[in-house]
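Here are a few quick notes to read alongside the model. Have it open and follow the points in turn.

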Amino acid sequence: MTLILSQQDVRECLPMDACILVMRDTLLSLAVGDAVQPLRSVMRGPEQTGVLGVMPGWLPGVGVMGLKAVSVFSGNHAAGLESHIGAVLLHETQHGQLIAIADASEITAIRTAAVSGVATQALAREDAGDLAILGAGTQARTHLEAMLVARPIQRVRVWSRTRAHVDAFATWAAQRFGVQVEAMPSVRDAVQGADIICTTTASRAPILEGAWIAPGAHVNAVGSSVAFARELDTAAVVASRLFVDRKESTINEAGDYLFPLREGAITEAHIVGELGDVLRGVLPGRRDAAEITLFKSLGLAVEDIAAAQHVYAQARATGRGVTVHLGGRR
């Protein structure tokens, strides 16, 4: 039997604090080799209208495998739709049975921010409390929630090209968390003196300049997941100690890294290492209060699968979801 889990089911069964712990365990599993994580496969539509991504992965220690199939259409917001739409297919590994189909947009939104939360706990200063978020969409909202879990946030500044989006974000943040959001007229104003910067935009060209980043800041770069787009300029990457979720993915897919590499501003050695190695103590994270740390997130299938497994377990325990029979027996 297969459990169908809606967006609301995922939201109810995957609170941010729990997801941060799940993502931490998943990155540790990846670091010690207890995970199979191939590169994603991406099919592009005619005239670059959208993409369909397929991301498989296997977590032997948890006893699950699966894949995320997700479409990404950047123009969806104008139609009132999420940009990422799809499903996570969760299989158990004893017989390969499909045990759950879960909404991918909500899992992606939560687990992406949760991984940034793990990175922030590992790399940001302990007293980091001045947060700047670039972008005001779904990822901006989940990143605010993750940062509130990760660090004692005292100030929140948000920038977006569309002021109405910032105003809607501010209203939501006040209602949801009692947080006052300061709408900023420029990226430079938003990040000036910030301890934590989260870039969550769909921009293909750099919006964050290295000259604007304060000493001691930590940056979570999450908006771009393709080789031909970036949110950070070359100077920002050069000035930072760069950590990644998966090195193989970064050298193939991360524009924030590939552009400075192609320009000759950095070498492959600029990647300090994977976040999982910091978590397990074999790689030093932040070394002093003044250095700038950068976490480049691309998103991994094993993160989606681990999140779906957590949602599945919680749904089974609380009676959520709809059970269907899709076959599998002879």
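**Notes on the sheet**

1. Start at one pairing: Val156 sits opposite Val181 in strand 9. Strand 8 (residues 155-159) and strand 9 pair in the parallel sense, over 3 bridges. Strands here are DSSP E runs of at least two residues, helices are H or I runs of at least four, and both are numbered from the N terminus. Two strands count as paired if DSSP finds at least two bridges between them.

2. Before going on, a caveat: this is a predicted model, where local features need pLDDT of at least 70, side-chain atom pairs count only at pLDDT 80 or more, and totals for chains, interfaces and linings use all residues. Residues are numbered from 1 along each chain as its sequence is written, and side-chain values use heavy atoms, with hydrogens and water left out.

3. Zooming out, 8 strands make an open sheet with parallel pairing, in the order 9-8-7-10-11-14-12-13. Strand 9 (181-183) and strand 13 (271-274) are at the edges with a single partner strand each, so one side of each has no neighbour in the sheet.

4. Now look at strand 11 (residues 218-221). Strand 10 (residues 196-199) pairs with strand 11 in the parallel sense over 4 bridges, and Val219 is the bridge partner of Ile197. Strand 14 (residues 292-296) also runs parallel to strand 11, joined by 4 bridges, with Ala221 opposite Lys296.
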